[in-house]
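Subject: Structure handover and findings

Hello,

Here is the structure you will be working with. Please open it beside this email, as the notes below go through it site by site.

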Amino acid sequence: MSDWTAIEALPSPRLTELFEADPARLDTFSLDVAGLHFDWSKTHLTREAVAAFAALAKAKDLAGRRDAMFAGEHVNVTEDRPVEHTAERGEGNPESVSRARHYQARMRALIDAIEADAFGPVRHILHVGIGGSALGPDLIVDALGREADRYDVAIVSNVDGVALEDAFERFDPAATLLVIASKTFTTTETMLNANSAIAWMNEHNVDDPYGRVVALTASPDKAVEWGVDETRVLPFSEGVGGRYSLWSSIGFPAALALGWDRFEELLEGAAEMDRHFRLAALHENAPALAAFADLYYTQVRHAETRAPFAYDQRLRLLPSYLQQLEMESNGKSVTADGQPVGRPTAAITWGGVGTDAQHAVFQLLHQGTHLVPVEFIAVIEAGDTLAEDHHRQLLLNAFAQGAALMKGKQVDDPARSYSGDRPSSTILLDVLDARTLGALIAFYEQRVFVNGILLGINSFDQFGVELGKEMAKAADQGGQEFDPSTTDLIRRAGLN
């Protein structure tokens with residue numbers, strides 16, 4: 001009998017029926033952790049479902065695999081590496097934590113030097129990276145840096161030169177610090193952008209452009225070989241994956257722009273969520289319960305997507321960040337030992353920002369034929385100071401959308417009817433600050449981990465991103481044959 005048998009046999013009552021049958025449902029399926037309130041009561045989770053998932057977690061040795069990750073064992077089996085991002089916030093193998101603390105001290109010392117004008121005038125930070133080397137810092141700076149006036153920050157990831165030129169137009173090259181973020185220091189897009197930034201400085205007669213470069217990498221020798229002075233190379237551990245790396249030196253632009261104290265608060269908030277994940281029983285463990293809901297909808301209800309909506313402009317980049325975290329981690333088709341998974345893995349993550357999204361995609365969510373679990377992320381304390389009550393309307397819209405998805409509305413006109421019984425969860429932050437944002441991101445990381453363990457896959461490799469890049473590189477060097485369609489496109493674009 002499959003470990004999934006009990007889960008796949010779960011009944012499917014309507015959400016309104018679940019509330020009617022259980023007056024304590026809200027208490028059972030809501031939690032408060034690290035300044036975050038979680039509410040899964042408007043999902044189809046039941047006590048019976050949680051028990052079935054807990055049994056699956058035991059069969060898959062979730063507790064053992066969790067302890068192995070924190071202990072620094074090589075749980076990234078396909079790359080034979082430990083998974084050390086939690087050590088960056090002080091939770092993990094003591095040796096890994098000690099190394100992370102050493103690297104952080106090095107980063108802080110460099111920030112102190114920059115603030116003391118050791119680099120000459122610095123008003124602008126041009127950070128080039130891609131994937132996890134850009135998405136995390138971009139999210140943090142955008143969410144927390146709106147009132148910061150220490151430095152102007154541009155985080156450029158796209159190899160499209162338009163993105164880089166936008167930064168060039170805003171910045172004074174003589175007052176710009178170039179930050180190159182690449183784990184291997186060979187990432188094609190990042191190194192092309194870095195070379196173009198150096199050329200821009202040279203064109204404007206900046207003395208010693210390489211002296212205005214900081215490298216963030218797990219390959220410090222390659223950074224030095226490229227031209228960065230060893231004293232301006234900020235290493236991080238090989239066991240810190242790109243999409244989990246904002247806690248490491250990859251977070252340098254955020255620490256510089258926001259100040260070291262706020263960066264430490266970010267780490268502390270994440271560590272608080274880590275401790276909760278390690279110690280809380282599964283029925284009151286936020287990452288585990290969220291993963292149980294994810295798996296219920298992919299495995300039982302066959303939902304192919306899930307949609308987080310940030311009802312706070314400061315979190316507008318969160319859906320994009322989660323796309324990489326969730327789909328690059330768990331978008332796999334084989335188990336950790338190379339066997340076919342035989343069932344759906346990660347849902348397609350997409351989303352947006354409320355209330356904009358209500359006027360763009362919520363038609364499908366309410367009346368379309370797809371089942372899409374929705375996640376609302378909102379903040380109790382307003383981020384604005386306007387006299388008009390913008391924040392009240394923002395929150396009321398978020399909460400009412402969840403209620404409408406669940407309840408629906410039946411009228412005689414089918415075009416104006418809503419079926420209801422459409423699930424949503426809510427994450428409500430008391431305030432949006434460095435500590436709560438750290439806890440929120442760590443919650444998503446550990447949720448991904450639980451999903452991966454229960455599916456039997458390795459959440460920490462990403463071989464799927466390589467093939468297209470390899471073919472593009474080979475084509476650039478004239479060593480790649482393509483199908484007739486691709487060959488014609490290359491010809492039409494004048495690239496052959």
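Let me start at one arginine. The backbone oxygen of S459 lies 2.8 Å from a polar atom of the R243 side chain. The R243 side chain also makes a polar contact with the side chain of Q462, at 2.7 Å. Bear in mind that this is a predicted model.

R243 sits in the loop between β7 and α11. Is R243 buried or exposed? Its relative accessibility is 3%, so R243 counts as buried; the cut-off for buried is under 20%. Beyond its neighbours within four places in sequence, R243 is in contact with a list of residues that includes G132, Y321, Q324, L325 and E328. S329, S459, F460, D461 and Q462 are also among its contacts.

**The largest pocket**

Q462 turns up again here. The largest pocket holds about 870 Å³ of space. It is lined by 35 residues, and those closest to its centre are T187, Q462, V465, E466 and K469. Which of them gives the largest share of the lining? That is α18, with four residues.

**The cavities**

There are six cavities of 30 Å³ or more in the structure. The largest cavity has about 280 Å³ of space. Its lining counts 26 residues, with D294, R306, A347, R447 and N451 nearest its centre. The elements that give two or more residues to that lining are α13 (286-300), β8 (305-311), α14 (318-330), β11 (374-379), β12 (424-429) and α17 (434-455). The largest share comes from α13, which supplies six residues.

**Helix α17**

α17 is among the elements that line the largest cavity. Its 22 residues should span 32 Å at 1.5 Å a residue, and its end C-alpha atoms are 32 Å apart, so the two values agree. The helix is mostly covered, with 21 of its 22 residues buried. D433 caps the N-terminal end of α17, where a side-chain oxygen lies 3.2 Å from the backbone nitrogen of R435. Just after α17, G456 takes a positive phi of about 80 degrees.

**Helix α6**

α6 covers residues 94-115, which makes 22 residues. From its first C-alpha to its last it reaches 31 Å, close to the 32 Å expected at 1.5 Å a residue. The buried residues in α6 are S96, V97, A100, Q104, M107, L110, I111 and I114. Why do they lie on the same side of α6? Because they cover an arc of only 140 degrees around the axis.

At its start, a side-chain oxygen of N93 reaches to within 2.8 Å of the backbone nitrogen of E95. Just after the helix, D117 takes a positive phi of about 65 degrees.

**Backbone points to check**

Most residues other than glycine have a negative phi, and most peptide bonds are trans. The following sites depart from that pattern.

- F185 has a positive phi, near 60 degrees. It is found in the loop between β5 and α9. F185 counts as buried, at 5% relative accessibility.
- H302 has a positive phi too, near 60 degrees. Its place is the loop between α13 and β8. H302 is exposed, with a relative accessible area of 59%.
- G354 and T355 are joined by a cis peptide bond, with omega at about 5 degrees. T355 lies in the loop between β10 (352-353) and α15 (362-367).

Which of these would you like to go through together?

Best wishes

Definitions and conventions:
Residues are numbered from 1 along each chain as its sequence is written. This is a predicted model: local features need pLDDT of at least 70, side-chain atom pairs count only at pLDDT 80 or more; totals for chains, interfaces and linings use all residues. Side-chain values use heavy atoms; hydrogens and water are left out. The expected span of a helix is 1.5 Å times one less than its number of residues. Buried means under 20% relative accessible area, exposed over 50%, partly exposed in between (1.4 Å probe, protein chains only). The arc is that of the directions from the helix axis to the C-beta atoms. A polar contact is a pair of N or O atoms within 3.5 Å; within protein, one must be able to donate a hydrogen and the other to accept it, and residues adjacent in sequence count only if both atoms are side-chain atoms. On a 1 Å grid over the protein atoms alone, a cavity is a set of points where a 1.4 Å probe fits but cannot get out, and a pocket is an open set with protein on both sides within 12 Å along at least five of seven lines; lining residues have an atom within 4 Å of a point. Grid points are joined across faces, edges and corners, and a volume is the space filled by probe spheres set on the points. Contact means heavy atoms within 4.5 Å.
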